[in-house]
Every structure is written in C-alpha cells, then in structure tokens.
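Keep the viewer open as you read.

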Amino acid sequence: PADTRGAAPARAYSAPAPVTDVARLCVCDLLVAQCDISCCCDPDCSPEEFGLFTACSVPVVTGDSHLCRQKAAVYSLDVEANPPERIFQLTDQVNPSIFCIHATNYKQALYLRSPEMPTPENFDDLLNKFGSSAFNAEPESWTVDTDPPEANETQRYEYGLPIQTEDAFLRLPSPVVSSWCSDANPAGFLVNQATECIRSVSVEKCESTRALNMLFYINSSILAVSMFVFQVNISVQSVVVQSLAGTRTLLKGADVLRLPLILDGLCLNVVLGVSYHITYTDTGEIREAAAAFVLGAITKETLSIQQSFQISFTQADTKPVPLSGNPGYVVGLPVRAGFNPQGYPFPAEFLFAALASSHKHSQLSILQSTPTQDCLAAQGARAPVLFGHNVVSGCKLRITAAMKCQPLAQTLLDVLKGQSFPEYVASFGNSQAQDVLDWVPITHLHVSEQRIPNTLQSSCQIPVSFGIEVKWTKYGSLVNPQARIVNVTATLTTSTLKQLPSGRERTIPITSSVVFTDISSPAEPGYKAWPTISIKLPFDFFYPFV
Amino acid sequence: RILNSSSQLSSLPLQILFYVNGIYYIFYFLATLAMIVYKSQVFSYPDEFLAPDLAVLFLMAMLEVPRLYLGCKGNLREEEAALGLSLGLTVGSVVLSVYLLAWQTYVLWADVVLTAVLLCAYGLESGLKVTAIAAFVS
C-alpha cells in the first residue's frame with residue numbers, strides 16, 4: 001500500500017563492510033559460537049579442541065598474491081607439544097616478481113565490488129540494468145529482439161505444453177515434495193502421466209471440499225488450441241463405485257453427475273481416482289476429452305484417502321494397439337497372444353480374433369497367488385505374463401471326501417489356465433494379426449504323475465501343475481539384438497486323486513509357472529584367414545634360357 | 001679564439017646525459033606502455049582510470065622531444081635562454097614522472113625502478129643545466 005511506503009523513513013541500506021584484516025579473517029569459521037572442525041583460525045575453539053585436529057584446513061590467509069609485500073596469517077598445529085596447540089603467526093609475504101604491485105590508487109582493484117543497494121531513487125535504473133534474464137558489463141552491446149510474436153497467430157499444442165482450460169490449466173493433482181496432493185500440477189500435452197497422492201479428508205467437510213467433488217475435475221472446459229476460443233467440454237466416460245470393502249462396480253448410465261453427500265455418518269461419492277482420456281489430432285488440437293471416475297465412500301474414522309490420477313492421449317481416428325516391443329520383445333511388457341478361429345494353416349484370409357492386451361480375456365495370463373491361498377476361492381485373479389519375467393504362483397487345494405473328481409478337475413483346469421487360454425503367441429513384439437508366420441502355436445504337453453505305478457484302473461486325474469515354457473532367441477544384428485519367441489510349450493501335470501475316507505481332508509499344492517529360456521545359439525569362435533604371400537615370378541624371368 | 005676546455009663553456013657531461021636520456025626515454029616509454037597494456041589485461045582497469053594514465057604518458061613523451069632538443073641546442077650554442085626553457089620543461093616532466101611513480105592506478109615494482117632511474121637522470125640533468133646556465137651567463 002502506498003501510504004506505508006511513504007511513511008517509512010529513507011534509510012541508507014548498505015551491505016556489511018568487508019573484512020580485510022588478514023588476522024581477523026577466518027574463512028572456515030562457519031558455525032557461530034561453535035568450534036569448526038580443522039579450522040585453526042576459529043576463535044570459538046578451545047585448546048582441548050585444537051588437540052583433536054589433524055591438520056589445518058586453512059593454513060594461510062593472505063590478500064592478493066600480486067602485491068609485492070603483504071601480511072599473511074599463518075596457522076599451523078604443533079603436534080609435538082602435549083596438548084597439541086595452534087600456532088598463529090603474522091608474517092610478511094614477499095612476491096619476488098618484478099611485476100608485483102607496489103601500490104594501487106584504485107580502491108576496488110583487489111577486492112570484489114559491493115553491489116549497489118537499491119533505493120527508491122536508483123531502483124528503476126537497477127531494474128533496467130539487471131532486471132532481465134542476462135546482463136553484462138556493457139549493456140549497449142546486446143541486440144534486442146525487436147519483432148514480437150504476432151498476436152493473431154494461434155498456438156498449437158506442442159509436447160509438454162500445459163493444457164489450458166477456461167480459467168487456468170487442466171489439473172492433475174500430484175505429490176510435490178511430500179505425498180500430499182498439490183492441485184497446481186498442470187497436465188502436459190502428450191505427456192502420459194499417472195500419479196497417486198494423499199489428501200486429508202473429514203466426513204463433516206466432505207461436501208465442501210472441492211477436490212472430492214466430481215465437478216472440480218470436469219468443470220472448466222479445455223481450450224482446443226491454446227489461446228483460442230473454441231472449447232472442448234470434458235465428458236464423463238464411466239463411473240465406477242468402490243465400496244468400503246474394496247469391491248468395484250461399474251455404474252450404468254454414466255452421464256449422471258454424482259456429488260458427495262453425507263449419509264449415516266458416511267460420505268458417499270467421494271472422488272478416489274480420475275482417468276482422463278484426451279483425443280488429439282495431428283495438427284496439435286484437442287478434439288475430445290473424457291474422464292472416468294472412481295467414486296468411493298469415507299467413514300468418520302478416515303483421516304486421509306489416496307487419490308490416483310491418470311491422463312492418456314490418443315490420436316484421433318486411430319485405434320491404438322499397444323505393442324510389446326518393436327520388433328523384439330521388451331522385458332517387462334506383456335506377451336501378446338491370440339486365437340485363430342478358423343484353424344491354422346489356412347490359405348484363405350483369416351484374422352486373429354481379439355489381439356492381446358486390448359482384450360483382457362485372450363491375454364496369456366498366469367494364476368496370481370492370493371493372500372487366502374485357496375484355489376477354489378480364487379475368483380479369477382490372473383496376472384499377465386510379462387516377457388522375461390519368470391513367475392511361479394500357486395494356491396492350496398483342500399480336498400474333502402465329498403468332492404467329486406470330474407467337476408474338481410474341470411474347476412482346477414479353469415483356475416490354472418484361465419477362462420480363455422490363447423492358442424497362438426506373437427513371435428515379435430509388433431507382430432500384426434495378418435502375418436500368420438509371425439505367430440507361434442502353443443504346444444500342449446500332458447504329463448501324468450503316477451503315484452502308484454501299478455494302478456491298473458484309470459482313476460480320474462486332477463491337474464496339479466501347469467507350466468509355460470517360452471523359448472526365445474536373439475534375432476537381428478549383434479549390436480542391437482531383438483528378442484523373438486521361437487517356441488511356447490504348456491505342460492500340464494496331472495496326478496490321481498486318491499479316494500479319502502469320509503471325514504478326512506487333505507491339502508495339496510497347485511502350482512503354475514512361466515519360464516523364459518534363452519536359446520540363442522552361442523557365439524562360435526572364428527579366425528581370420530592367415531595372410532598368404534602370393535609370389536609369382538614375372539613371365540620372362542629366365543629370359544635367355546626359357 | 002683558441003678552442004680549449006677553459007674557454008669552452010658547453011658542458012660535455014650534459015651533452016652525454018642528453019644523449020643517454022634520449023635513448024633511455026625511448027626504452028622507458030615503450031616499457032611503460034607495455035606494462036599498462038599488461039595491467040589492463042590482468043587486473044581490473046576501468047576506462048576512467050586507464051585514460052589519465054595513458055594521457056600522462058603521452059604528454060610526457062610530447063614534452064620530452066622539445067625538452068631534449070632545446071637542451072642540446074642551448075648547450076651547444078651556449079644559449080642560456082634555450083637551456084632555461086629546457087629546464088622549465090624538465091620541471092614539467094618531473095611532475096609527470098612523479099605521477100607515474102606514485103599516483104598511477106597500479107604501480108608495479110618495475111614501474112618504480114624505471115621511473116626512479118628517470119627521475120635521477122632528470123635531477124642530474126637539472127643540476128648540470130643550472131651549472132651550464134651559470135657558466136654561460138657569467
């Protein structure tokens with residue numbers, strides 16, 4: 001405010017005077033009223049502390065070495081004495097060069113200049129000189145860029161530019177410094193991000209907290225081109241409701257806005273996660289924006305919730321198929337698999353139905369171990385098989401006398417193999433469905449564990465172990481080898497189910513595994529050919545005689 | 001008139017000194033100029049301090065030429081007016097060399113040595129000129 005500025009007295013601020021006396025100057029004295037280690041010139045050190053030093057970090061303090069004669073403070077430790085003591089000497093240091101400075105009449109010659117203190121009078125001047133991002137001693141030599149960007153030019157979005165909305169930027173709350181959510185993180189164009197952060201909540205304030213409200217995330221519409229008027233509204237793509245126990249259900253009729261409401265001591269419709277999907281064109285415009293929400297509930301005891309946010313970009317008029325490598329598989333990306341409904345090989349045109357990764361059911365997946373370890377309660381938890389990651393998982397099966405073998409075998413087969421086990425696996429990470437030769441069929445093996453070798457009756461067998469062995473090789477140049485899957489073998493081990501006397505029960509472990517084996521042919525030694533000396537005598541060497 | 005030392009009033013030591021002074025001054029001028037260039041590269045030498053030092057050096061060079069010429073002429077022709085004028089110019093040169101000795105922005109040890117030698121030469125010259133003028137006048 002202007003009135004307080006005028007009321008303040010005009011005091012001359014100045015920087016503290018520089019210390020130039022060599023005897024008082026101590027560069028290593030950093031801690032106030034405490035002894036600095038190995039600092040022999042520190043006045044706060046007592047003689048006992050000097051005894052603990054091994055050497056002086058600053059042995060000599062002098063002025064500019066160009067001077068012909070100058071005072072020097074020399075600090076050293078006398079280790080012979082008991083206790084060791086610090087020796088301080090003020091000596092004269094002489095520069096023998098003939099070009100040493102005998103005298104100067106220029107005060108700032110050998111010292112750094114104290115900067116000018118800004119006052120109301122010289123502030124504008126200083127701002128002109130030093131206000132820009134760079135300045136030098138001769139400001140006139142800088143050429144000023146005098147053509148400003150045209151005002152009518154609309155800027156397309158470029159990679160990394162914050163996506164602008166009506167009022168500010170599209171927010172993607174993320175943890176800054178600590179794990180708490182900060183709403184000031186803008187989403188960058190074409191930057192796929194996924195963040196998780198913690199927000200403190202309370203049931204009483206949940207209706208008024210903006211960040212828990214769906215509207216906060218879809219309220220302001222995105223500008224299609226930055227600084228342009230055309231706006232894109234954020235539509236609600238889907239809403240998933242998560243119960244207090246953790247189960248999620250997808251809501252039908254997702255265009256209804258659900259706002260937080262307090263009911264029975266719970267606050268419902270609290271935003272737990274937002275996933276933005278932005279469709280862009282290749283000219284840098286945003287065409288569509290959609291948000292998928294996960295809503296949850298909080299109780300009176302909940303002090304904080306974890307929110308997760310994600311943003312992904314898709315180019316308009318394209319259908320993205322995530323590749324697992326280009327062309328060789330990348331370690332950690334899912335192995336692509338699929339079906340061929342018409343059988344292989346077939347000369348007529350055929351397409352693989354449902355490529356992996358875009359369709360969860362046809363992915364090569366493996367049973368995922370659950371904390372309960374009960375096979376029959378597995379609920380279909382499966383993990384995708386990632387290239388290069390060997391996985392062993394399993395569960396425990398409790399067999400009671402009442403269980404029938406045939407349905408049990410079928411259930412276990414479903415548990416081990418999954419709902420739809422694919423038939424073909426892509427040989428390269430970017431294999432297209434049309435290239436039949438790029439797909440490797442899965443070979444199935446059946447091994448039956450005979451516990452009692454002389455059992456003649458064909459008792460029913462239940463699968464106990466399922467192993468997928470993927471053989472891959474290095475393909476391509478030596479410098480940049482690409483991983484290529486050559487062979488996939490799925491081995492199912494079954495064993496006979498012994499009939500139990502009633503009342504007894506057994507627990508048998510069921511395992512499934514995925515193993516990746518590198519079958520690249522090893523390097524063979526090769527030798528360079530020995531150089532041969534080809535000697536041929538000239539044609540007429542023995543002239544007179546031949 | 002018979003030319004013998006008793007009737008020749010021109011001072012031989014003064015003439016030798018003029019000759020030596022001339023050669024030494026050329027060396028002194030070049031050396032001091034080179035050192036000013038060195039100082040401006042190695043140390044911080046702002047323009048407002050460099051200008052007076054160079055001005056003094058060039059002024060001294062410009063004074064030196066008439067000073068030596070008038071001195072030689074006056075001594076050889078036994079004219080006290082020329083010699084007196086040369087003495088006046090010597091006083092100016094002394095003042096300028098005292099500036100270079102004591103009030104220059106950076107005074108190096110080499111500066112001190114060279115300017116001291118020059119001042120000694122000026123002092124000796126002035127003494128001999130006074131004696132010569134006294135001899136001419138009487």
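## Helices of chain B

A crossing is called left-handed if the near helix is turned anticlockwise from the far one by less than a right angle, and right-handed if clockwise. With that in hand, α2(B) passes α3(B) in a left-handed crossing. The axes of helix α2 (residues 47–77) of chain B and helix α3 (residues 80–103) of chain B come within 8 Å and cross at roughly 155°. Axes here are lines fitted to C-alpha atoms, for helices over the stretch in contact, and angles run from 0 to 180 degrees between N-to-C directions. α2(B) and α3(B) are therefore roughly antiparallel to each other; the label goes to angles over 145 degrees, with under 35 counting as roughly parallel, 65 to 115 as roughly perpendicular and the rest as oblique.

## What you're looking at

This is a predicted model, where local features need pLDDT of at least 70 and side-chain atom pairs count only at pLDDT 80 or more, while totals for chains, interfaces and linings use all residues. Residues are numbered from 1 along each chain as its sequence is written, chains are lettered from A and ligands numbered from 1 in the order in which they are written, and side-chain values use heavy atoms, with hydrogens and water left out.

## Chain A overall

Chain A has five helices and 24 strands. Helices (H or I, at least four residues) and strands (E, at least two) are DSSP runs, numbered from the N terminus. Of its 546 residues, 34% count as buried; buried means under 20% relative accessible area, exposed over 50%, and partly exposed in between (1.4 Å probe, protein chains only). Among contacts in chain A with a separation of 6 or more, 63% come from residues 24 or more positions apart, a contact being heavy atoms within 4.5 Å.

## Strands in chain A

One open sheet has three strands in the order β1-β2-β3 (chain A), paired antiparallel. β1 (60–62) and β3 (85–94) of chain A are the edges, each with a single partner strand, so one side of each has no neighbour in the sheet. From one strand to the next, the twist averages 20°. Strand β2 (residues 69–78) of chain A is joined to β3(A) by 10 antiparallel bridges, and A:Arg69 has A:Val94 as its bridge partner in β3(A). Two strands pair if DSSP finds at least two bridges between them.

Further along, strand β15 (residues 304–315) of chain A pairs with strand β7 (residues 193–200) of chain A in the antiparallel sense over eight bridges; there, A:Thr195 is partnered with A:Phe309. β15(A) also runs parallel to strand β13 (residues 266–280) of chain A, joined by eight bridges, with A:His277 opposite A:Ser312.

## Residues to click on

Is A:Phe189 buried or exposed? At 2% relative accessibility, A:Phe189 counts as buried. A:Phe189 sits in the loop between β6 (181–182) and β7 of chain A. Leaving out neighbours within four places in sequence, its contacts include A:Tyr157, A:Tyr280 and A:Phe313.

A:Thr491, in strand β23 (residues 482–496) of chain A, counts as partly exposed at 23% relative accessibility. A:Thr491 touches A:Leu445, A:Val447, A:Ser465, A:Phe466 and A:Gly467, not counting residues up to four places away in sequence.

The peptide bond from A:Asn326 to A:Pro327 is cis, with omega near -10°. A:Pro327 is in the loop between β15 and β16 (337–338) of chain A.

A:Ala33 has phi near 60°, a positive value in a residue other than glycine, and is exposed with a relative accessible area of 65%. For A:Val177, phi is near 65°, again positive in a non-glycine residue, and A:Val177 is exposed at 91% relative accessible area.
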